[in-house]
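Please look through the structure below before reading on.

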Amino acid sequence: MNQAGAILWAQWRIGRSFFMRRGIGWAAIVSVIWYGFWVAAAFAVMLLTSSPIAGSLGGVFLLVFLYWQVVPVLMAATGASLDLRKLQAYPIPVGQLFGLEVMLRVTAAIEVILVLTGAGIGILRNPMLRAWNVLALLLFGIFNLLLGVGLRDTIARILARRRIREAAFFLLILCAALPRLLLTRRRSFIIMTSKPWPGWQPWTATADFVQGHGQLRSLAIIAAWLAAAGLFSYWQFRRTIRFDAEAASARPSSASRTSGLLERFFRIPSMLLGDPLGALVEKEVRFLTRSPRFRMVFLMGFTFGLLVWLPVAMGRQGSAQSFLGTNYLSVVSVYSLVLLSEACFWNSFGFDRSAAQIYFLAPVAFSRVMMGKNLSALFFIGLEIGMIALVCGLLGMPLSPLMLAESFSVTAVISTFLLAAGNQLSIRQPRAMNPTASFRSGAAGRVQAILFVVWPIVFVPVGLAYLARYAFASEAAFFGVLALDAAIGAVVYKLSLDSAVAAAERLKEQMVTALSRGEGPITA
Amino acid sequence: MSDFSRDTTPAIEVRDLRKLYDQKAAVDGLTLSVPRGCFFGFLGPNGAGKTTTIKMLMGLAPPTSGSIRLLGLPMPEEGLAIKRQIGLVPDESLLFDHLTGGEFIEFVGRIYGLERAVARERSQELLNLFELDDASRKLIAEYSKGMRKRVAMAAALIHRPQLFLMDEPFEGVDAVGARLMKDILLEQVRHGATIFLTSHVLEVVERLCDRVAIINEGKLVQEGSMEELRGSSKTLEDAFVRAVGVGTMRETLDWL
């Protein structure tokens, strides 16, 4: 394992020097809160499994499986992985690279590994179960690691192909949404975890083994799944190594970038705004529209929001009178904000990478630059919500001017607070992002952790508006509180902008350095 | 002849400039004066402090101590006024990969305050001048290294600056491209502009520059006209090697 050891050593050195220069304050706080929550969940699972277990654990392991395999795809963040483009130049055996890549799948779902650990400790403490039942958890974990490599490689290759990227992702979302749709109906959930498929799924076989039901048969099923996942992942990994991403994403030389309707679309901001603001927003619109990653999250916010939240809102429990049923448009709109948030709010200089230095070199006040970024974020958010509303209308969903007004105003208020928080983070925690990589290499958990910490705070003002509507049964009260929120949001935004601009002047050297930073052999 | 050189204050005036990184001096007491209308070469071995100096001149890195005046104005106090008159070619990383060459140049023009129509027209003309018109609709991400340098230089020219700060502008550029870029830069100097460039290509510096400074370990070790610098040496390379004190290979390795 000489080469694998060298790769890990190089990555460790890169990570160490990066954190020594940048500090780990924010990352540490977010991690403590986020993983603290999951440690608590693991403790709860430990309590569940350390006493006699009523019913099947199949549902728990199904959720673990879905979190491990589906959530990274839905959050477009699949965890750390090897940068094969760089490493292929060196004489490293494929087996070692594959082994490392399997290990790195741990980073895609540290949360559920904590939960499985809790379950394992519980099983060891359970007097009704034998200690070796824990073996099933270990095999289930390895199965997920292997499957994760195969799925990630397959999806990454599909998304690298220029012509089919968006279409492929649309199909992927449909597939990913399927379990979510099934989970909204208890009957479907039961079908997935028990009859009429008696125990051959990896999660039910794991549960059977853990609970001591037909252990030989369960072990054989788990072993078969493990072998299939191993073959699949190794096959996909080898295909990825041979894959020519540049050729797959190449454009025909005759293709035009600036034709017709698209060019008019790009010029919209400049028709409304004077320079330099117009130029800055137009640049952002051109740039983000062409970024595969941004296009993907834009599409995800739009399609996944509709596919997942509409059935929930309109499902068996989601009658027209439920909260989701009456506010589905706002819920889908806010969900799309979540997906757009990284590029639009938290790391608005990330896609510019080292080119962000132009903002410090050009004779433009930095507040204008930040406003340009913020206005382009609002432009895309408005576009996204407009498209969601249009499709809802075409699908015959209940849609009224009031619902539209609610959706746009709720999103606008939340966006104001998000921009205030995001401007601070974009300056203080900038991170170079590859606009051509459809998947983020950071773990989905990190994205969720930020949401976990910041979003509850950002939702408070809007929550108060909904509370006012509920308490006074009045739309006027709802919109009145929203108006007040908007006024407070504007003040908070202004204060945050001034502070961010001052910080940018102070931290510009560190910012440019952080945004110019290349990645190591492992992209994390 | 000269459009810009009526003002007699130096284009660049640096006094006792110092930049410390964790107590280590990247630039250590640099004092330098670059007259207007001069083609100035700033040389030094790797890690000598050239890029740090140019970053401080551009306002990207604040100096730990010392003063900078560009075109007679103090930096950073008059930062915006200075930036309006400067053309920059920091390095190729300045470019936005997901814009086409034409879009990037137009964007820079508008950022520098040109009217949209003027920026668009000049962008097209600059693409033609730098022989990039065939690639005008390609994304910068698809450009070769030399093409990226040409775009960066074209963008630096769009607002007709008085002073150019260029970090390795000829790096990775082929002979034809380099010739084109040299001609354009010489034309700018003839019109009174001042050019301050760093380069490792000593042959280029020797042919283009009126004055040269050599920096080593953060300190200025030599400065003067090309003739003064060469002194008794045949070439600039000999003078450079002598100035920075680097000898020939001192020892061999058994295994090599």
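A residue is called buried if 20 or more other C-beta atoms lie within 10 Å of its own, exposed if 12 or fewer do, and partly exposed in between, with C-beta atoms placed from the backbone. Helices (H or I, at least four residues) and strands (E, at least two) are DSSP runs, numbered from the N terminus. This is a predicted model, in which local features need pLDDT of at least 70 and side-chain atom pairs count only at pLDDT 80 or more, while totals for chains, interfaces and linings use all residues. Residues are numbered from 1 along each chain as its sequence is written, and chains are lettered from A and ligands numbered from 1 in the order in which they are written.

Start with helix 6 of chain B, residues 175-190. At 1.5 Å a residue its 16 residues should span 22 Å, and the end C-alpha atoms are 22 Å apart, which agrees; the expected span is 1.5 Å times one less than the number of residues. Which residues of this helix are buried? They are G177(B), M181(B), L185(B), Q188(B) and V189(B). Seen down the axis of helix 6 of chain B, these buried residues fall within an arc of 105°, so they line one face of the helix; the arc is that of the directions from the helix axis to the C-beta atoms. An α-helix has 3.6 residues a turn, so residues three or four places apart point the same way. On the other side of helix 6 of chain B, the exposed residues are A175(B), V176(B), R179(B), D183(B), E187(B) and R190(B).

The buried residues of helix 6 pack against strand 3 (39-43), helix 5 (145-157), strand 7 (163-167), strand 8 (194-198) and helix 7 (202-208) of chain B. After helix 6 of chain B comes G192(B), with a positive phi near 100°.

Now take chain B as a whole. Chain B has nine helices and ten strands, and 50% of its 256 residues count as buried. A compact globule with 256 residues would have a radius of gyration near 18 Å, and the 19 Å of chain B agrees with this; the radius is taken over C-alpha atoms, and the globule rule is 2.2 Å times the number of residues to the power 0.38.

Chain B also touches chain A: 25 residues of chain B are in contact with 27 residues of chain A, where contact means that the C-beta atoms, placed from the backbone, lie within 7 Å. On the side of chain B that touches chain A, helix 2 (79-83) and helix 3 (101-111) of chain B each supply at least two residues. The largest share, four residues, comes from helix 3 of chain B.

Some backbone details remain. The peptide bond from M75(B) to P76(B) is cis, with omega near 10°, and P76(B) is found in the loop between strand 5 (73-75) and helix 2 of chain B. E131(B) has a positive phi near 55° although the residue is not glycine. With 13 C-beta neighbours inside 10 Å, E131(B) counts as partly exposed.

How confident is the predictor, on the pLDDT scale from 0 to 100 given for each residue? The mean pLDDT of chain B is 86, and 94% of its residues reach 70 or more. The model scores ipTM 0.71 and pTM 0.75.

Conventions: Two residues are in contact if their C-beta atoms, placed from the backbone, lie within 7 Å.
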